[in-house]
Amino acid sequence: MPLPTSTYRLQLRGDAFTLADASDVVEYLHDLGVTHLYLSPILTATDGSTHGYDVTDTGTVSAALGGRDALTQLHSRAAELGMGIIVDIVPNHVGVEDPRQNAWWWDVLRRGRDSEYSTYFDIDFGADNGVDGKIAIPVLGSASDVGELTIDRSEDEPLLAFYEHRFPIADGTDGEDAQAVHDRQSYRLVSWSDGLIGYRRFFSVNGLAGIRQEDLDVFTDSHRQVASWIEDGLIDGLRVDHPDGLADPAGYLTELRGLLGPDRWLVIEKILADGEPLDESLPVDGTTGYDALAAVGGVFVDPEGVHALTALSQVRSGIAFDAETLHETELELKTAVARGDLSPEVRRLARAVVRESGTTVDLESVIDAIVAVVAAVPVYRTDYAPLAGVLPGVIAEIGDEHPELTDGLGALTTALIGGAESPVRFDQVCGAVTAKGVEDCLFYRANRLISLQEVGGDPSRFGCSAAFFHLTNADRAKRWPAAMTTLSTHDTKRGEDVRARIGVLSQTPELWARSIADWEEATPSPDGTTGMFLWQNLFGVWPVDGVITSTLRERVHAYAEKAIREAALRTTWTAPDEEFETAVHSWLDAIFDGPVARSMTMLVENLAPHGHSDALGQKLLNLAGPGIPDVYQGTELWEDSLVDPDNRRPVDYSVRRSMLAASNTGTPSLATGAAKLAVVRSALHVRRERPESFVGGTYAPIVADGSAAEHLLGFARGPVPGIADVIALATRLSLGVSERGWGETTVTLPDGRWRDRITDTEHTGTVSVAEVFASLPVALLVRDNEEAVAQ
């Protein structure tokens, strides 16, 4: 079964883009050059779900998306054109926000330990769980709200009701007194602020309950539908969501690989820390590409801008957000998360440590030790083979720095070595603390250069050198040639083109600092840290023509509200500060409607061409580089998406069809979406024509000669060592080129005639870089030889 040469991510949703709609774009995607459709989760999810990660029935394809028949039809349509299907699956958790929609969860709430599904969920039935061994369900506003419970007898069966929430009543426990009925159930409704959670969650999301894939019966039952897709030949691979949340990721992936077979593609959403290797013993083809995103985006950031932007951050927000400050802030935020949102998980882990260590150490001492360790762990989880020395080092360092934690650390160490539950829960907590503390908080506070703040990214690394980029690519070509690579996903904080434009600020920090000074004087932000963060986002999405539509205004307001709540500096999700939030919204409107708007438009007009240059460069290098690239829906044209749900907006494919049909009529202008479309189409077609030069193919840097050599970034790909038949070239740090030009800079091509598949120009031998980039700041050169396959 052939691997994909490329994928195209489709965000399915019942109200906007179903499996039938996916069938309607198959021909367009084939013409674009895509070989595999990559579908967001398609199992039955919570009613009205716009993303599908809240699966409520693992045994059925979502009726809202069209059901199993629609999937079969999509497969048939794709197969007619030689295309395949990849599906995103969610093994870690299921949706329980409305218990009635999840038959497993409903039965557990009704029957408790006697339910056949009680072992499916990671439930805390311990007598010391704070609710006498019952399942704590956090839905009440306060403990006194238990007096607001009623019995709803409008359905086929009586239900316990708390406003819009409904819960089952066990047989023989009904009555007229709702509070007495509640006391007889296997669950206990508690306040969301009590810190009591009766089940493992996805991070801190109460509506997503973790399931126990380590139990083979659970794995088999929860994968019946997936197994049927494989048996019927409907899919060619899987993307696995958040495997780090599982008790045993490696064991789960081994079972999944056995189900999937040896040849189908399998990639995992494994978030790698900076410098962390992917465990080569895992039976997978690679990650979903955040590591590649960091390198491809980072190489377009100018390291010379670090000092000026660090100083600007210090002046405007009082925090430098340099490497040292970022590390300190990360430690503080992870500690706060472990003691706050994730304190139920930490306390459950601590109880296990006390039991399994066989010591009499105080529970609070163990909690203190756990919090210190999980906050300091630099990776999502420590139990992968290449990370064998990480945890001992962290515990040793904490022990040296905090002798008062000796007893708690000793108990933790003993339980991690000899316990069964403690090591599993420890690594599950580590990942959750990192996600909530770093990606969902720090990345909304740090404001030195926000384009560096992506999932799996490290903003303390201010971009990367060309040497780092090439070495990383060469390693991926060797070790993980079939890993997914990407620039945008449904989880990225900003779309790829927005990040590219913001990254240009690293090339002109003095201009940016002067602009911020002028804007803050004219329209001062309500908070320095918030202002520095949102100014960059505004610059990233600001239209070149300066026209602020009502839609854009609404999108920015929604984003800003999410951002300031995630940052949790002045307002939060659980305790919103209405006065501060109103001030932020008023400030944004003052920018849109006041004198700053004209100044912002002028700056965007000046720098947008360089943002476009970087956007095309990173797109080409991603599409032609090692791995299997994913094109996130809509990103074949310029796009200005921010974080979800903004990046899951429906895509207008009629515009894209029309542009693709007209795309062979000359070289497109850099400023138009047609330029990006031409790069995507050309690269995907070349990959499809010459797959052996990409997945498993060779990789070699291309180096220029001359005064502007550092501004050319490129590499060659080929089917075997010593033979290159595809070369990707991009302009790097284009502001310097615009000021000084390419001069006499040249690049020497391998023997043969090379045709640029984007502009249809031919080059041979040693050529002027200015000539290569005469029309666009990128080039995709293909050797005209006997190995070429007609397009």
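**View 1. Ile-564, a buried residue of helix H20.** In this predicted model, Ile-564 is buried, with a relative accessible area of 5%. Ile-564 belongs to helix H20, which covers residues 550-567. Leaving aside residues up to four places away in sequence, Ile-564 touches Thr-530, Leu-569, Thr-571, Phe-580, Glu-581 and Val-584. Leu-534 and Ile-564 are 30 residues apart in sequence. Their C-alpha atoms are 9.3 Å apart in space.

**View 2. Helix H14 packed against helix H15.** Helix H14 spans residues 406-418, and helix H15 spans residues 422-439. The two pack at an angle of about 110°. Their axes are 7 Å apart. The angle makes H14 roughly perpendicular to H15, because values from 65 to 115 degrees count as roughly perpendicular. On the H14 side, the contact is made by Leu-412, Ala-415 and Leu-416. On the H15 side, Ser-422, Pro-423 and Phe-426 take part. By class, five of the contact residues are nonpolar and one is polar.

View 3. The structure holds zero disulfides. Cys-430 is in no disulfide. The nearest cysteine sulfur to Cys-430 is that of Cys-441, 18 Å away. Cys-430 is buried, with a relative accessible area of 0%. Cys-441 is likewise in no disulfide, and the nearest cysteine sulfur to Cys-441 is that of Cys-430. Cys-441 is buried too, with a relative accessible area of 9%.

View 4. The peptide bond from Asp-644 to Pro-645 is cis. Its omega is near 5°. Pro-645 sits in the loop between strand S18 and helix H23. Strand S18 covers 628-632, and helix H23 covers 653-661.

**View 5. Asp-132, a loop residue with positive phi.** Phi of Asp-132 is near 60°. That is a positive value in a residue other than glycine. Asp-132 lies in the loop between helix H3 (103-111) and strand S7 (135-140). Asp-132 is exposed, with a relative accessible area of 63%.

**View 6. Asp-760, a loop residue with positive phi.** Asp-760 is not a glycine, yet its phi is positive, at about 60°. Asp-760 is found in the loop between strands S24 and S25. Strand S24 covers 754-756, and strand S25 covers 762-763. Asp-760 is exposed, with a relative accessible area of 54%.

**View 7. The whole protein, as context for the close-ups.** The protein has 26 helices and 27 strands. Its radius of gyration is 27 Å, close to the 28 Å that the globule rule gives for 791 residues, so the protein is as compact as a globular protein of that length. Taken along the principal axes, the C-alpha atoms fill a box of roughly 85 × 60 × 55 Å. Of the 791 residues, 60% count as buried. Among contacts with a separation of 6 or more, 72% join residues 24 or more positions apart.

Conventions:
Residues are numbered from 1 along each chain as its sequence is written. This is a predicted model: local features need pLDDT of at least 70, side-chain atom pairs count only at pLDDT 80 or more; totals for chains, interfaces and linings use all residues. Side-chain values use heavy atoms; hydrogens and water are left out. Axes are lines fitted to C-alpha atoms, for helices over the stretch in contact, and angles run from 0 to 180 degrees between N-to-C directions. Helices (H or I, at least four residues) and strands (E, at least two) are DSSP runs, numbered from the N terminus. Angles under 35 degrees count as roughly parallel, over 145 as roughly antiparallel, 65 to 115 as roughly perpendicular and the rest as oblique. Contact means heavy atoms within 4.5 Å. Ala, Val, Leu, Ile, Met, Phe, Trp, Tyr, Cys and Pro count as nonpolar, Asp, Glu, Lys and Arg as charged, and the others, Gly among them, as polar. A disulfide is a pair of cysteine sulfur atoms within 2.5 Å. Buried means under 20% relative accessible area, exposed over 50%, partly exposed in between (1.4 Å probe, protein chains only). The radius of gyration is taken over C-alpha atoms; the globule rule is 2.2 Å times the number of residues to the power 0.38.
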